[in-house]
Amino acid sequence: MAEIDKDILRLALPALGALIAEPIFLLTDTAMVGHLGAGALGSLAIASTILQTVLGLMIFLAYATTPRVAKRMGAGDGPGAITAGFDGIWLALGTSVLLIIIGLPLLNTAIEAFDPDPAITEGAHSYLAISWWGLPFMLMVIAATGLLRGLQDTKTPLIVAAAGCIANIGLNAVFIYGLDMGVAGSAMGTVIAQAGMCAVYLTISIRAARRLHASIRPDWTGVFTSAKTSGWLLVRNASLRAALILLVFLATAMGTTDLAAIQVAQSIFFALALALDSLAIAGQAMIGLELGAKNTEAVAAINRRLCLWGIVFGIVVGVVLFAGSGIIPRAFASDPAVVSALAALVPVLALSMPIAGFVFVLDGVLMGAEDAKYLALAQLVAVIGYAILLIPIVNIWPGAPGLWAGFCIGFVGFRALTLGWRVRNRAWIERAVEKGIS
């Protein structure tokens with residue numbers, strides 16, 4: 001068990017650092033654009049919401065690539081692992097080209113759906129139009145990160161992400177202030193930083209391919225297999241987005257105070273989710289590696305250990321949240337009504353954290369087993385169950401606490417039931433071994 005714990009920490013800690021880099025990118029943009037005025041911030045808010053929604057849905061490019069690479073590494077096929085990674089990179093490039101072709105003409109429509117003021121519309125369009133041309137770099141970075149994770153390397157993505165973040169700050173300063181480009185300068189700086197990260201990843205990947213005499217040309221069978229897995233993961237991600245949209249939609253109808261409290265609670269939840277995501281990433285890489293080696297005992301042991309880590313982390317964080325429920329709201333809001341509403345939500349979040357810990361690590365475990373179809377269907381069931389559960393909740397327990405409990409205990413609880421059912425015995429391991437290397 002000590003050896004498994006060492007491997008979990010070796011992979012999870014650098015992965016956590018790399019995951020934190022993305023919010024820092026956004027915070028940097030926000031801080032620098034914020035000095036341009038409220039209109040510029042409004043433009044950034046709308047444009048970044050659209051862009052981050054797309055990128056959030058595209059994270060499957062990493063999740064589909066990692067286990068395909070890891071399985072081949074476990075089987076001792078280094079060249080095949082690199083080739084599988086390039087299948088993901090080619091898929092990312094093709095997906096980004098489609099998004100550019102389809103998305104560019106629709107940018108104005110997407111922005112206008114928010115019904116902003118004309119001045120905000122202009123700034124949002126300038127930011128989004130520049131960023132949209134950077135999608136190939138952004139998506140290839142996601143896929144290449146999956147390749148390196150599959151090679152059991154999470155340190156390199158951390159270094160690249162940190163360097164990209166620092167470069168982004170400098171570039172934004174030059175374009176926003178030095179060249180007086182405003183919101184468009186923020187987009188330009190971020191795109192160039194992402195292009196640099198993409199160049200570094202491709203250089204590392206191509207060197208690895210040359211060292212192992214692996215092909216970097218697209219293997220269309222492999223690309224299609226990756227696309228098939230990615231399709232199911234896209235359904236999974238879209239279902240999660242649907243649950244979040246439903247939460248915010250109902251909170252909006254409750255009024256500004258409840259909406260503000262839900263927004264803060266949701267932000268805390270997803271900040272804590274970064275730590276759980278790092279455990280899930282470790283699970284993807286480790287489970288894929290051992291399945292490739294057909295080491296079923298190790299797979300079962302890793303699953304048990306990761307579940308324990310997730311639950312214990314959830315309990316510890318839950319205790320801290322519960323103890324600080326009277327203090328935490330004041331750190332995020334000054335309005336007395338919002339502070340009062342948020343104080344009722346934090347204990348509910350605290351109760352949900354052990355369940356969330358269990359769910360997040362099982363996500364990673366089953367992604368490592370390439371059980372994408374089940375993950376997608378389980379997520380759909382959870383969303384449907386959550387929507388049905390909300391019908392009595394809004395009547396019996398009206399207000400933000402009931403709505404929030406419906407999400408972080410109801411929705412997450414449905415996910416825990418469906419994923420826990422999948423790993424109730426070793427059948428999922430046997431299926432993954434029988435499936436072999438795709």
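This briefing walks through the overall build of the chain and then visits one leucine. The model is a predicted one. Its secondary structure consists of 17 helices and zero strands. The radius of gyration of the chain is 22 Å, close to the 22 Å that the globule rule gives for 438 residues, so the chain is as compact as a globular protein of that length.

**Overall dimensions and packing**

- Taken along the principal axes, the C-alpha atoms of the chain fill a box of roughly 60 × 55 × 35 Å.
- Of the 438 residues in the chain, 54% are buried.
- Among contacts in the chain with a separation of 6 or more, 84% are made by residues 24 or more positions apart.

**A stop at Leu 99**

- Leu 99 sits in helix α4, which covers residues 78–103.
- Leaving aside residues up to four places away in sequence, Leu 99 touches Val 54, Met 58, Leu 104, Trp 132, Leu 135 and Leu 139.
- Pro 136 is 37 residues from Leu 99 along the chain, and the C-alpha atoms of the two are separated by 9.2 Å.

Note on methods
Residues numbered from 1 in each chain as written. Predicted model: local features only at pLDDT ≥ 70, side-chain atom pairs only at ≥ 80, totals over all residues. Heavy atoms only, no water. Helix = DSSP H or I, 4+ residues; strand = E, 2+ residues; numbered from the N terminus. Rg over C-alpha atoms; globule rule 2.2 N^0.38 Å. Buried < 20%, exposed > 50% of the residue type's maximum accessible area, 1.4 Å probe, protein only. Contact = heavy atoms within 4.5 Å.
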